[in-house]
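Visitor: I'm new to this one. Could you put it up and walk me through it?

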Amino acid sequence: MTTKTAAPSSTDRIEKHVTLSAPRSRVWRAIADASEFGKWFQMKLNGKFTAGTTLMGQVTVPGYEHIRTEMKVEKVEPETLFAYSWHPYPGDPKKDYSSEPMTLVEFHLADAKGTDSGTELTIIESGFDALPADRRAEAFRMNDGGWTGQIKAIAKYVTQ
Amino acid sequence: MSRSNAAPIFSALGDETRLHIVSRLCREGPLSITRLSEGATVTRQAVTKHLHALEDAGLAQAERQGREQVWSLETKRLEVARRYLDDISAQWDAAIGRLRALVEG
């Protein structure tokens, strides 16, 4: 996979760069259409992606369906930028995360250089430093399970 | 830190009381057993036992200050922030793989 993570020493942000062999219009639809987004992000959303709206997302990975999160759509600029803020991977369904700071997720789209129909996609998630330390400790425990679930999902997908 | 070295850490954190102790040491810095027992739902003896379990996993350490032992997190070993981000980063890689399959398929 042609992804790379920038600035590995930073604890505040994650940045991913990827070149996809698909036109921008196709990549845009996969990101900005809530039902298509849900397919690869493994999350069921209860509405459409419109700037300013807040949606509820429910994880669709088997065994993790109890995990829900709020997603606030920040920016929708067709085929250029899609951004939302959310509470990343809340682990405790009984706890109210709504007062906690959110992280911002941005999808930047551009034409890939030197190809006819490729798309350069940059994904940035930022704002982790503002999360409380105990939240990180909890997510630390939770995410090992989450990651194991992801590996299972991929294994299932590639062997189908 | 490799996955196998991390196993005792997950095990040590896989308990509500110990996770609560780690959270408090994260938020409030070094604390005595007396302070850690205040407001806890378990006995002082139980808190002491959990602290030793965290110590065995290399997550906490004790230092004598006067008549009391003061406990603090072994942050180098814990590396919570860094690993948290590593895991989120890995989840993004997996998600990007599925996105690629969807748009290139």
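Guide: One term to begin with: two strands pair if DSSP finds at least two bridges between them. Helices (H or I, at least four residues) and strands (E, at least two) are themselves DSSP runs, numbered from the N terminus. This is a predicted model, in which local features need pLDDT of at least 70 and side-chain atom pairs count only at pLDDT 80 or more, while totals for chains, interfaces and linings use all residues. Residues are numbered from 1 along each chain as its sequence is written, and chains are lettered from A and ligands numbered from 1 in the order in which they are written.

Visitor: OK. How many helices and strands are there in chain A?

Guide: Chain A has three helices and eight strands. Along the sequence they come in the pattern β-β-α-α-β-β-β-β-β-β-α.

Visitor: Which strand is E2(A) joined to?

Guide: E2(A) is joined to strand E8 (residues 119-126) of chain A by eight bridges, and the two run antiparallel. A:Arg13 is found opposite A:Ser126 of E8(A).

Visitor: And which residues of E2 are on its covered face?

Guide: In strand E2 (residues 13-20) of chain A, the covered face has A:Ile14, A:Lys16, A:Val18 and A:Leu20. The uncovered face has A:Arg13, A:Glu15, A:His17 and A:Thr19. In a regular strand, side chains alternate between the two faces of the sheet.

Visitor: At what angle do H1 and H2 of chain A pack?

Guide: Helix H1 (residues 24-32) and helix H2 (residues 34-41) of chain A pack at about 85°, and their axes are 5 Å apart. That angle makes H1(A) roughly perpendicular to H2(A). Axes are lines fitted to C-alpha atoms, for helices over the stretch in contact, and angles run from 0 to 180 degrees between N-to-C directions. Under 35 degrees counts as roughly parallel, over 145 as roughly antiparallel, 65 to 115 as roughly perpendicular and the rest as oblique.

Visitor: Which residues meet there?

Guide: A:Arg29, A:Ala30 and A:Ile31 of H1(A) meet A:Glu36, A:Phe37 and A:Trp40 of H2(A). Contact here is between residues whose C-beta atoms, placed from the backbone, lie within 7 Å. By class, this contact has four nonpolar, no polar and two charged residues. Ala, Val, Leu, Ile, Met, Phe, Trp, Tyr, Cys and Pro count as nonpolar, Asp, Glu, Lys and Arg as charged, and the others, Gly among them, as polar.

Visitor: Is A:Gln42 buried or exposed?

Guide: A:Gln42 is buried, with 20 other C-beta atoms within 10 Å. The cut-offs are 20 or more other C-beta atoms within 10 Å for buried, 12 or fewer for exposed and partly exposed in between, with C-beta atoms placed from the backbone. A:Glu79, also not a glycine, has a positive phi of about 60°. A:Glu79 lies in the loop between strand E5 (68-77) and strand E6 (81-86) of chain A, and is partly exposed, with 17 other C-beta atoms within 10 Å.

Visitor: What does A:Met71 touch?

Guide: Leaving out residues up to four places away in sequence, A:Met71 touches A:Thr54, A:Leu55, A:Gly57, A:Tyr84 and A:Trp86. A:Met71 is in strand E5 of chain A and counts as buried, with 23 C-beta neighbours inside 10 Å.

Visitor: Where is confidence lowest in chain A?

Guide: In helix H3 (residues 133-159) of chain A, at a mean of 46, while E6(A) is highest at 96. Those values are pLDDT, the predictor's confidence in each residue, from 0 to 100. Over residues 1-9 of chain A the pLDDT is below 50. Residues 140-160 of chain A also stay under 50.

Visitor: Now chain B. What is the strand order in its sheet?

Guide: The order is E1-E3-E2 in an open sheet of three strands, with antiparallel pairing. Strand E1 (31-32) and strand E2 (60-65) of chain B are at the edges with a single partner strand each, so one side of each has no neighbour in the sheet. Helix H2 (residues 16-28) of chain B packs on the sheet and touches E1, E2 and E3 of chain B. Helix H4 (residues 44-56) of chain B packs on the sheet too, touching E2 and E3 of chain B.

Visitor: How far apart are the axes of H2(B) and H4(B)?

Guide: The axes of H2(B) and H4(B) are 10 Å apart, and the helices pack at about 75°. That makes H2(B) roughly perpendicular to H4(B).

Definitions and conventions. Contact = placed C-beta atoms within 7 Å.
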